[in-house]
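Me: I have a model open and want to go through some local features. Can we start with the terms and then take the helices?

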Amino acid sequence: MDVEKAFHMTGGVGKTSYAKNSSLQKKESDKVKHIIIQTVEELYLATTPKSIGIADLGCSSGPNTLSIIKDIFQAIQGTSQRIMHHSTEFRVYFNDLPTNDFNSIFKALPEFQKLLRQDRKNGFPSIFMGGYPGSFYGRLFPNSYLHFVHSSFSLHWLSRVPPSLYDEHKRPLNKGCVYICESSPEVVSQAYYQQFQEDFSLFLRSRSEELVVGGRMVLIFLGRRGPEHVDRGNSFFWEILSRSFAILVSQGEVEQEKFDSYDVHFYAPSREEIEEEVRKEGSLKLERLEMFEMDKSHNEHGSDESYGTQVAVAVRAIQESMISHHFGEGILESLFQNFAKLVDEEMAKEDIRPISFVLVLRKI
């Protein structure tokens, strides 16, 4: 499966869209918003650029996309006024894969710019915004073009499903699991880790060339606590998805071979794995690396939905494009009904505790 062509958050503003089911990501991003603001303010004080370039990598669509840009803009404006150094230009670049719902972003931009201009009639800087479709695993921008890069809940997605999950005859090695699970052979976790190393190192090299000296990045992505790949964190949600598929197999709705050949392009790295790739790349200094535990989702639909249902609609908004591509759309309702039920059953036994990392890096 060509991830770059098939993978995208569910677009539009419908019931199952990412725009309607991404408040959990917003809630978690807000936890570290102070780190983003502090980093942006330090960057501006250190570089005082007249034209400042900002990129949001893996921007998706919906309210979260413009919310962080507004926070960054206001932070820079406040800092520039304090030091009496006014930037004349803001350049904002929204990046995601070509299949992303960029139209929703573009439709919102006129109103967004109007909102930014409120109460700032004098000396308001020019703002140029545009979409940059393409994989962030590789170059996107010219050399020394960006001052600040932001990426929220995107870098745990790999550029592809690791090819070594299949033998020389294209037979799957991770049968019965969509990600690393208890029954996975050692080669599976090795395959995922190697793909992460390849992708993350390429991401770091690419951004290093695109950032100005002293430029900063704030990256937020899912991870794991220690060396064990299987825990009651992010990997456990994938185990529940595997079990949800297994139910459909037992009911004859999905073929076993079809299930066995489905793997997710996801990896939750450990702190040590992240630090090692940054060290090897060499031109970016890791100034901050913090782990935070993700809270239980709150009810974003204003109904009596269970926690499992809330998680299921959030996961569906992210995974629907890939599942539909592989299995067809017909299984989505029953699959995520199973998923919601299993999450509720597991949470009744013991909490599932996924964690995320926030990284602050500086170009040296």
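Reply: Terms first: contact means heavy atoms within 4.5 Å. Helices (H or I, at least four residues) and strands (E, at least two) are DSSP runs, numbered from the N terminus. This is a predicted model, in which local features need pLDDT of at least 70, side-chain atom pairs count only at pLDDT 80 or more, and totals for chains, interfaces and linings use all residues. Residues are numbered from 1 along each chain as its sequence is written, and side-chain values use heavy atoms, with hydrogens and water left out.

Me: What covers the buried residues of α5?

Reply: The cover includes α4 (63-82), β2 (89-96) and β3 (126-133). The buried residues of α5 are Phe102, Ile105, Leu109, Phe112, Gln113 and Leu116. Buried means under 20% relative accessible area, exposed over 50%, partly exposed in between (1.4 Å probe, protein chains only).

Me: Where is the kink in α5?

Reply: At Leu109, shortly before the proline Pro110, and the angle is about 40°. The bend at a residue is the angle between axes fitted to the seven residues ending there and the seven starting there.

Me: And how far does α5 reach, end to end?

Reply: From first C-alpha to last, α5 (residues 102-117, 16 residues) reaches 23 Å, close to the 22 Å expected at 1.5 Å a residue. The expected span is 1.5 Å times one less than the number of residues.

Me: What about the span of α4?

Reply: Its 20 residues should span 28 Å at 1.5 Å a residue, and the end C-alpha atoms are 29 Å apart, which agrees. After α4 comes Met84, with a positive phi near 60°.

Me: Changing topic. How many aromatic pairs are there?

Reply: A search of the whole structure finds 25. Rings of Phe, Tyr and Trp (its six-membered ring) pair if their centres lie within 6.5 Å; planes under 30 degrees apart count as stacked, over 60 as edge-to-face and the rest as tilted.

Me: Why is the pair of Phe136 and Phe203 edge-to-face?

Reply: The ring centres of Phe136 and Phe203 are 5.5 Å apart and the planes are at 85°, so the pair is edge-to-face. It links distant parts of the chain, 67 residues apart: Phe136 is in the loop between β3 and β4 (146-152), Phe203 in helix α6 (residues 186-210).

Me: Are those two buried or exposed?

Reply: Phe136 is buried at 9% relative accessible area, and Phe203 is buried at 0%.

Me: Which rings have Arg91 and Arg232 over them?

Reply: The charged end of Arg91 sits over Tyr145, 5.1 Å from the ring centre. Arg232 lies over the face of Phe236, at 4.4 Å from the ring centre. The rule is NZ of Lys or CZ of Arg within 6 Å of the ring centre and within 35 degrees of the ring normal.

Me: What does the disulfide join?

Reply: Cys177 and Cys181, with S to S at 1.8 Å. A disulfide is a pair of cysteine sulfur atoms within 2.5 Å, and by this rule the count is one. The torsion about the S-S bond of Cys177 and Cys181 is about 65°, so the disulfide is right-handed. Cys177 and Cys181 are buried.

Me: Last one: what is Gln195 in contact with?

Reply: Leaving aside neighbours within four places in sequence, Gln195 is in contact with Leu158, Ser159, Arg160, Pro162 and Pro163. Gln195 is in helix α6 and is buried, at 3% relative accessible area.
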